[in-house]
Amino acid sequence: MASQELSAKSPKTEVYVGIADLKVGRAPLILITLGLGSCVGVTLYDPVKKIGGLLHVMLPRSSEFSRNSHPAKFADTGVPLLLAEVLKLGADKRVLEAKIAGGAQMFEGMVNIGERNVEAVKEALAALGIRLVAEDVGGSRGRTMILDTSTGKVIIKTLGSSPKEL
């Protein structure tokens, strides 16, 4: 996947991040991903340079699948790719902050892929030396995750709940 730098030409430009996708950019961009059920949203943000990225992880490990050529789909390949993309824009790894959301148990009686996704994302962040500063994970409801690159604020909207800031 070739990522491109996104830049906002006007205040509060919104860019949507699809499933198994990622986007990076500079302030005043707003990055949004919808439909985080068992999937996990991962933000990386440089508060000094106001550079951020958002990844929508679908599955924990690429090694568990023979068809794994789409790195943003997996935690073990998507998190390093997200880091590489924000660093390309000039982010400083030493100040990067990660926030995660999602990982819900959407269907009773099934393997909890959401929990496995959360674990894999945390492992990938730790292996890269990235600080996880906030999370909103688990439960049984889907979420929307919004990163405002102007402020670093991450807003989580969960069905049936008031929006909250991570």
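1. Val 42 lies in strand β5, where helices (H or I, at least four residues) and strands (E, at least two) are DSSP runs numbered from the N terminus. With a relative accessible area of 0%, Val 42 is buried, a term that means under 20% relative accessible area, whereas exposed means over 50% and partly exposed anything in between (1.4 Å probe, protein chains only). Leaving aside neighbours within four places in sequence, Val 42 is in contact with Gly 53, Leu 54, Leu 55, Val 57, Leu 82, Lys 99, Ile 100, Val 121, Leu 125 and Met 145, contact being defined as heavy atoms within 4.5 Å. Val 42 and Leu 31 are 11 residues apart in sequence, and their C-alpha atoms are 11 Å apart in space.

2. A word on the basis of these values. This is a predicted model, in which local features need pLDDT of at least 70 and side-chain atom pairs count only at pLDDT 80 or more, while totals for chains, interfaces and linings use all residues. Residues are numbered from 1 along each chain as its sequence is written, and side-chain values use heavy atoms, with hydrogens and water left out.

3. The packing of the two helices comes next. Helix α1 (residues 75-88) and helix α2 (residues 113-128) pack at an angle of about 45°, with their axes 9 Å apart; the axes are lines fitted to C-alpha atoms, for helices over the stretch in contact, and angles run from 0 to 180 degrees between N-to-C directions. The two helices are therefore oblique to each other, since angles under 35 degrees count as roughly parallel, over 145 as roughly antiparallel, 65 to 115 as roughly perpendicular and the rest as oblique. The contact is made by Ala 75, Val 79, Pro 80 and Leu 83 of α1, together with Ala 120, Val 121, Ala 124, Leu 125 and Leu 128 of α2. By class, the residues of this contact divide into nine nonpolar, no polar and no charged, where Ala, Val, Leu, Ile, Met, Phe, Trp, Tyr, Cys and Pro count as nonpolar, Asp, Glu, Lys and Arg as charged, and the others, Gly among them, as polar.

4. Gly 114 is placed in helix α2 and, at 0% relative accessibility, counts as buried. Not counting residues up to four places away in sequence, Gly 114 touches Ser 38, Val 40, Gly 103 and Ala 104. From Gly 114 to Ala 124 the separation is 10 residues in sequence and 15 Å in space, C-alpha to C-alpha.

5. Arg 143 is found in strand β9 (residues 143-148) and is buried, with a relative accessible area of 6%; the side chain of Arg 143 reaches the backbone oxygen of Gly 138 at 3.0 Å. Gln 105, found in the loop between β7 and α2, is likewise buried, with a relative accessible area of 16%, and the side chain of Gln 105 makes a polar contact with the side chain of Asn 112 (3.0 Å). A polar contact is a pair of N or O atoms within 3.5 Å; within protein, one must be able to donate a hydrogen and the other to accept it, and residues adjacent in sequence count only if both atoms are side-chain atoms.

6. The peptide bond from Ala 27 to Pro 28 is cis, with omega near 10°, and Pro 28 lies in the loop between β3 (22-26) and β4 (30-36). Ala 20 has a positive phi of about 60° although it is not a glycine; Ala 20 sits in the loop between β2 (14-17) and β3 and is buried, with a relative accessible area of 7%. Lys 50 has a positive phi of about 55°, although it is not a glycine; Lys 50 lies in the loop between β5 (40-46) and β6 (51-57) and, at 32% relative accessibility, counts as partly exposed.

7. Finally, another loop residue. Ala 91 lies in the loop between α1 and β7 (97-102) and counts as buried at 10% relative accessibility. Leaving aside neighbours within four places in sequence, Ala 91 is in contact with Asp 46, Lys 49, Ile 51, Val 86 and Leu 96. Ala 91 and Ile 156 are 65 residues apart in sequence and 24 Å apart in space, C-alpha to C-alpha.
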